[in-house]
Amino acid sequence: MENIGSEVIFYIIAAVMVIFSVMAVTTKHLLRSATYLLFVLFGTAAIYFQLEYEFLGAIQVAVYAGGIVVLFVFSILLTQGLGKKQEKIKKSKLVLALSAAVIGAVVCLYSLISHVFPNSRYALGEDITMKRVGEDLLGSGQYQYVLPFELISVLLLACIIGGIMIARKR
Amino acid sequence: MDYSFSILILALPLFMFLTLALGGNKMSQKFAGLLGTAGLLTIAVLSYMVAFQYFGMDRVDGIRPALMPYNFEWLSFTDKLTINLGILLDPISVMMLVVITTVSLMVHIYSMGYMHGERGFQRYYAFLSLFTFSMLGLVVATNIFQMYIFWELVGVSSYLLIGFYYTKPSAVSASKKAFIVTRFADLGFLLGILLLSFYTETFSFDQLTADGGFFLTSTSGATFMGCSVAAWAMALIFMGGAGKSAMFPLHIWLPDAMEGPTPVSALIHAATMVVAGVYLVARLFPVYLSVPEVLELITWVGAITALYAAVVACVQSDIKRVLAFSTISQIAFMIVALGVCTSMIPSEGGLGYMASMFHLFTHAMFKALLFLGAGAVIHAVHSNEMSDMGGLRKYLPITHITFLIACLAIAGIPPFSGFFSKDEILAAAFNKSIFWGVWMTVVAAITAFYMFRLYFGIFWGKEAKHEHTPHESPATMTIPLIILAVITCVAGFIPFGEYITSNGEAYHIHLDMTVAITSVVCAVVAILLATWLFAKPNSKPEKMQAALPRLHKWAYNRFYMDNVYQFVTHRIIFAYISRPIAWFDRHIIDGTMDMFATVTNSVAEKIKGFQSGKLQVYVWIYIVGAMILAAAAIYTLCIK
Amino acid sequence: MEIPYIYYLVVSGVMFFAGVYGFIARRNMLAILISLELMLNAVDINFVVFNRYLYPCQLEGFFFTMFAIAIAAAETAIAIAIIINIYRNIKNIKSDNLDKMKN
């Protein structure tokens, strides 16, 4: 029963994500496309929750939905204004994009279907406690990630400075 | 005797040149002129001291020894063959020092008036100093290579001064012409030097001239095209001298060189630089004596040039051109005098050497005087054409008198200096053969004729209309004229044979009465003829011109020598040699390079589309490419 | 019985190629950026799924996704700064108008 419930939830999430990701790239309103992106991001967060990675799901919601999408909306409003329609997509570009997407999707789906994947070991995993996340993030042993962590922090600092420099009015 | 101060004679003008060239623009014109003149006055005084000291010295074994106060090694090719730089003092170089510094000093003083207010006045004085330096270096050269170095330096300074008015196209082309023609001649000079040094293994004058036989024995046996190598080397060296001294057929640059300022013409193109060729032959005289066939060539070249230039001078209307051709003719006299020599001993056929040097000395003075006088005339009427002159004797009394003295001197009327020196040349020519004697006497008569045609044309005859009344020049210009006129009057009485002879022994000059009387009579007749024709305005010259139309036309156009050169260079050398070479360069060599460029360019043009700068196209290519690779990988895996 | 992980992969694949389509087809730079976020998210999902199903004892995919989210945030901030700067200069954010450096 529980399994059926989670399966139903998964299908709903999957349907939402597929539909909205396609709509996000096809809609002519930029603001709508940002909104659809937000739904897709929520769907991703839901998948993380479903896979019992609650911390990752929380980050996804906080950073993407709370930060990036808001940034998108601001910049869209700054540059486009409300209700302004996008121009039509050129036919040659449409052909290019569709061909790339279709070829890619076909190759990927074919390989997914034809490939024999190893068996799932889902059940072996224990719960991810916050304690473990913290230790792994700041530890320096095997499968521990203090070095990338520090690198990312430097990168973020650089981005802050770069963002200020670029957007500054001269 | 101490001659160590003689280095100052070279160092000072170089220093003056550097000062004026580098700092000239900071100075006022007056200061630059005074500085240049003061520097030259010092150099002149030093030269007089050297001359006084040198000629005051006692003779050693009856001759005057050659001294070398400085001689240091500059470049050494082999153990034996080295290039030295130094100072050689012997009778002719000391005499040349005096001539150069005197004329140069006069020109410096004169230029302060003549060039007053010209643009580039400081540059003018800098170039004059450079020229003086190079010319002094040339005459005191201890070896033939040092001479060559300074020889080129005088060529450069002459080029710079002819092209002084560089905004005038005719001056620019004249300077180029002078440079190219003399460079062409110097090519022969250089080849001659190389031949000479290859066989004798020395550049030094004292070794070359120490014993005429030394040179002959070292080259004996080697022949080329029927002549000995010695003859070839000396003839090639003479070619360099002929180019600088404007001998036929390399004379074409000198009349055009009159585009430069008149004092420059007086200094370089009349008194000093153009006699460098004579000086060169005199310097190597013992060697030339050992190759009589070259001396014969020299005589012929000189004699033809003398006659040619004299005839052309008779019909020119530009006064500076008349003087230029007169210069060519007079230098040819000196060359002939050297050519007719048969031995080193003055009384036995070596008289020509002394005569040549004597004429060089007197000619430098009176020809500088003539040019400076002509400069004063041009200054007064602002024209070079004789038709714009006439009747100027009332307006320019000092110029008139000094010009007349110079004309009498060049015509060979006693007691002016030209008479004595020309008489020695004629005597030397008669010594050799009657033929040369008569030839040169005729040329001397023509000289008297054209000089007095010039004199009457300027100062007598019909008075031309002037824009404003001509006035006498300022004192800076008349004083040099007077000084040179005085020298011209008295220079003939210098006992020249005491100082300079071919073998260094004293020789007492005595006038050969038959020669002297003949030449004076010829000159007087020519002067009277000129007086009859030109002194009063009349139609006789036009009638003569009409009687001999072809001769007049040919002479007026300088016997079409320039046209011959034009034809040879343009129609033959340019058309048949330069143009094919240019074609080869442009089409074969450049073409190969162009082909590389074209191929690269067209390939780049073809592949340019790949780099469109459109990011989305790049992404498409990337993804499709990646997918094709993935598909290929999957396909191969499935096959397995 | 949990959901077979190939399902997740299919979803993320569709997302990814929707992103590819948007990236190539759209002209507005913000739309391109949105497509880019889609692709990034699809990849993140793959990491998490593989981590969860195949190597549940180590947290490599987990942390990789975490870092990817951080980098995506940084990248978006910079990209939007650049886009706004461009908008200020040429009053336009169409990708094919950005050819000033080409000529």
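This report describes the chains, contacts and selected local features of a predicted model.

## Basis of the model

Residues are numbered from 1 along each chain as its sequence is written, while chains are lettered from A and ligands numbered from 1 in the order in which they are written. Because the model is predicted, local features need pLDDT of at least 70 and side-chain atom pairs count only at pLDDT 80 or more, whereas totals for chains, interfaces and linings use all residues.

## Chains A and B

Chain A holds six helices and zero strands, and its elements run α-α-α-α-α-α from the N terminus on. Helices (H or I, at least four residues) and strands (E, at least two) are DSSP runs, numbered from the N terminus. Of its 170 residues, 24% count as buried. A residue is buried if 20 or more other C-beta atoms lie within 10 Å of its own, exposed if 12 or fewer, and partly exposed in between, with C-beta atoms placed from the backbone. Among the contacts in chain A with a separation of 6 or more, 47% come from residues 24 or more positions apart. Two residues are in contact if their C-beta atoms, placed from the backbone, lie within 7 Å.

Chain B has 26 helices and four strands. Of the 640 residues of chain B, 51% count as buried. Residues 24 or more positions apart supply 80% of the contacts in chain B with a separation of 6 or more.

## Contacts between chains

In the contact of chain C with chain A, 62 residues of chain C meet 68 residues of chain A. On the side of chain C, the elements that give two or more residues are α1 (5-25), α2 (29-54) and α3 (60-90). The largest share, 21 residues, comes from α3(C). By class, this side of chain C has 46 nonpolar, ten polar and six charged residues. Here Ala, Val, Leu, Ile, Met, Phe, Trp, Tyr, Cys and Pro count as nonpolar, Asp, Glu, Lys and Arg as charged, and the others, Gly among them, as polar.

Between chains A and B, six residues of chain A are in contact with seven residues of chain B. The side of chain A consists of four nonpolar, two polar and no charged residues.

## Helix α4 of chain A

Helix α4(A) covers residues 91-114, and its 24 residues reach 34 Å from the first C-alpha to the last, close to the 34 Å expected at 1.5 Å a residue. The expected span is 1.5 Å times one less than the number of residues. Its buried residues include L96(A), A100(A) and G104(A). The cover over the buried residues of α4(A) includes α26 (615-639) of chain B together with α1 of chain C.

## Backbone features in loops

Most residues other than glycine have a negative phi, and most peptide bonds are trans. In chain B, the peptide bond from F248(B) to P249(B) is cis, with omega near 5°. P249(B) is in the loop between α9 (229-244) and α10 (253-256).

A246(B) is also found in the loop between α9 and α10 of chain B, and has a positive phi near 55°. This residue is buried, with 29 other C-beta atoms within 10 Å. Y143(A) has a positive phi of about 55° although it is not a glycine. Y143(A) is in the loop between α5 (130-138) and α6 (146-167) of chain A, and is exposed, with 12 other C-beta atoms within 10 Å.
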